Amino acid sequence: MNVRESARFALRGVLANKLRSLLTMSGIIIGVAAVIVLIAAGNGASAAVQRSISALGSNTITVTSTSTGAGNRGGGRVAIGGGALGGLLGGGQAGGRPGANARPGPTATVDNGTRTTVPALTLADAAALSDPVSAPDVVSVAPVVAAQNVTVTYRGASHTVPSMTGTTPSYLVNNNDAVVAGAGISDSDYTGRRRVALIGSTVATALAGPDAAAIVGQVVQVNGVDFTVTGLLAAKGSTGPQDQDDRMIAPLTAVQDTLTGYGNLSSISVKARAADAVDAVSAQVTSVLTARHEVTAATADFSIFNPSSIQSAALATTSTFTLLLGAVAGISLLVGGIGVMNIMLVTVTERTREIGIRKAVGAQRADIVGQFLMEAVLLAVLGGIVGVVIGVAAGQLRFGTFQLVVAPYSVVLAFGVSVAIGLFFGIYPANRAASLRPIDALRYE
């Protein structure tokens with residue numbers, strides 16, 4: 001008997017008991033769909049992690065202080081980011097007048113009673129990091145101060161922003177931020193100490209209602225101080241419980257004047273020329289700051305957050321998570337295969353007389369094996385096709401901001417495994433049918 005004839009007999013056997021065949025295929029259907037959907041969930045989680053980390057700036061590292069150095073009020077001017085932008089070191093009064101405790105900016109020191117150290121993370125540090133000689137792979141530097149839990153009011157509405165960022169225009173580039181309405185912070189806003197601000201969509205909606213863009217150009221009060229909203233930041237969504245749109249960005253000079261005073265920086269954002277240069281930039285930043293602060297790697301009073309290392313660790317975790325989900329789904333495929341084998345054994349028992357008649361009229365062992373093996377594979381193939389359709393359709397679902405991502409390899413893998421299961425679990429029933437003696441089969445009732 002040829003393959004075509006075996007397929008015809010197998011199809012007739014499947015259609016003879018439609019409900020039973022459908023129930024048998026259900027195990028394969030559920031298994032295949034589960035593999036596709038669960039791997040899609042793992043890929044979706046991986047993509048979400050990548051988006052969240054990229055939102056921080058994939059080429060950007062953040063330097064923070066790990067010490068509690070004394071504040072510093074300087075009067076010297078320092079160029080930040082290597083451009084024309086001039087920042088008042090430590091933050092004297094507008095027009096360059098130094099504060100009451102003015103000292104020579106870049107060489108200012110603090111005597112802590114045991115040794116003399118450079119105060120951690122100052123504008124002078126930011127300027128040093130923008131030096132193309134000592135940090136050739138750095139393309140942009142943005143000093144940052146943060147005012148915590150500021151209250152913003154506008155026409156009777158009030159909203160508490162967890163952190164208001166004071167920085168330079170370079171920060172928007174470093175942080176992959178975009179302004180969707182209005183204008184960003186300019187160099188003249190920074191040097192002129194203008195009280196202007198960019199706000200996130202969460203803040204804008206809380207203050208102005210659904211028409212968030214309407215607040216652009218309006219004056220809001222930040223802890224009682226007037227700031228003009230010049231732009232609306234592009235939405236970034238949430239990272240776990242953290243709402244990345246619940247924020248404000250203003251010129252560092254204005255924030256120091258009105259909210260934080262002229263102490264040390266909260267952090268320094270440093271952008272590398274490319275993603276593959278992040279590690280080199282980390283090394284250059286470490287070299288510059290250890291020399292300036294007169295510390296060693298073991299006693300460093302600063303730390304460096306490298307998003308690429310976090311991204312690698314996160315992707316490794318999500319890959320393991322995806323593999324685990326796929327393995328769990330694979331178990332359901334195995335259960336479906338056992339169901340196919342069970343039904344095929346029942347089928348062989350029910351059709352014992354048919355097998356005896358076929359062998360009596362000349363059917364060979366290979367013919368009987370081919371017929372029942374083909375029937376098992378047909379059940380697995382049909383179940384696999386339906387499972388793929390359901391799995392791919394379910395893989396298009398979105399749950400809030402979480403989007404499932406169907407991987408093409410998961411479709412091929414799930415379908416291929418379903419066919420292999422049909423072959424594997426169909427061999428024993430097919431061999432059992434072929435092993436029946438014609439005389440015993442004909443006498444079976």
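Colleague: What makes the meeting of the side chains of Arg273 and Asp137 a salt bridge?

Modeller: A salt bridge is defined as a side-chain nitrogen of Lys or Arg within 4 Å of a carboxyl oxygen of Asp or Glu. For Arg273 and Asp137 the N to O distance is 2.7 Å, which is within that limit, so the name applies. The structure is a predicted model, in which local features need pLDDT of at least 70 and side-chain atom pairs count only at pLDDT 80 or more, while totals for chains, interfaces and linings use all residues. Residues are numbered from 1 along each chain as its sequence is written, and side-chain values use heavy atoms, with hydrogens and water left out.

Colleague: Why do you say that the pair Arg273 and Asp137 ties together parts apart in sequence?

Modeller: Arg273 of this salt bridge sits in the loop between β15 (267–272) and α8 (278–293), and Asp137 in the loop between α3 (123–129) and β6, so the parts tied together are 136 residues apart in sequence. The labels come from DSSP runs: helices are H or I with at least four residues, strands are E with at least two, and both are numbered from the N terminus.

Colleague: Why is Asp137 called buried?

Modeller: Buried means under 20% relative accessible area, exposed means over 50%, and partly exposed lies in between, for a 1.4 Å probe and protein chains only. Asp137 has 13%, so it is buried.

Colleague: Why does the pair Asp177 and Arg247 count as a salt bridge?

Modeller: The closest N and O atoms of Asp177 and Arg247 are 2.7 Å apart, so the pair passes the rule for a salt bridge. Asp177 is in the loop between α4 (170–174) and β8 (179–182) and Arg247 in the loop between β13 (242–243) and β14 (248–251), so this pair ties together parts 70 residues apart in sequence. Asp177 has 12% relative accessibility and counts as buried; Arg247 also has 12% and counts as buried.

Colleague: What makes β10 and strand β11 paired strands?

Modeller: Two strands pair if DSSP finds at least two bridges between them. β10 and β11 (residues 225–233) are joined by four bridges and run antiparallel, so they pair. Val222 stands opposite Val225 in β11. The two strands form a hairpin with two residues between them, and Asn223 in the turn has a positive phi of about 50°. Strand β6 (residues 138–154) also pairs with β10 in the antiparallel sense, over two bridges; there, Val152 stands opposite Val222.

Colleague: Which face of β10 is covered?

Modeller: In β10 (residues 219–222), Val220 and Val222 make up the covered face, and Val219 and Gln221 the uncovered one. Side chains in a regular strand alternate between the two faces of the sheet.

Colleague: How do you know that the buried residues of helix α6 share a side?

Modeller: In α6 (residues 201–208) the buried residues are Val203, Ala204 and Leu207. They cover an arc of only 100° around the axis, which puts them on the same side of α6. The arc is that of the directions from the helix axis to the C-beta atoms. Among the elements that cover these residues are β6, β9 (196–199), β10 and β11.

Colleague: Which residues does Val220 touch?

Modeller: Contact means heavy atoms within 4.5 Å. Not counting residues up to four places away in sequence, Val220 touches residues including Val152, Leu207, Ile215, Val225 and Phe227.

Colleague: Why is the pair Phe424 and Phe425 called edge-to-face?

Modeller: Rings of Phe, Tyr and Trp (its six-membered ring) pair if their centres lie within 6.5 Å; planes under 30 degrees apart are stacked, over 60 edge-to-face, and the rest tilted. By this rule there is one aromatic pair. Phe424 and Phe425 are 5.0 Å centre to centre with 90° between the planes, so the pair is edge-to-face. Phe424 is exposed at 58% relative accessible area, whereas Phe425 is buried at 9%.
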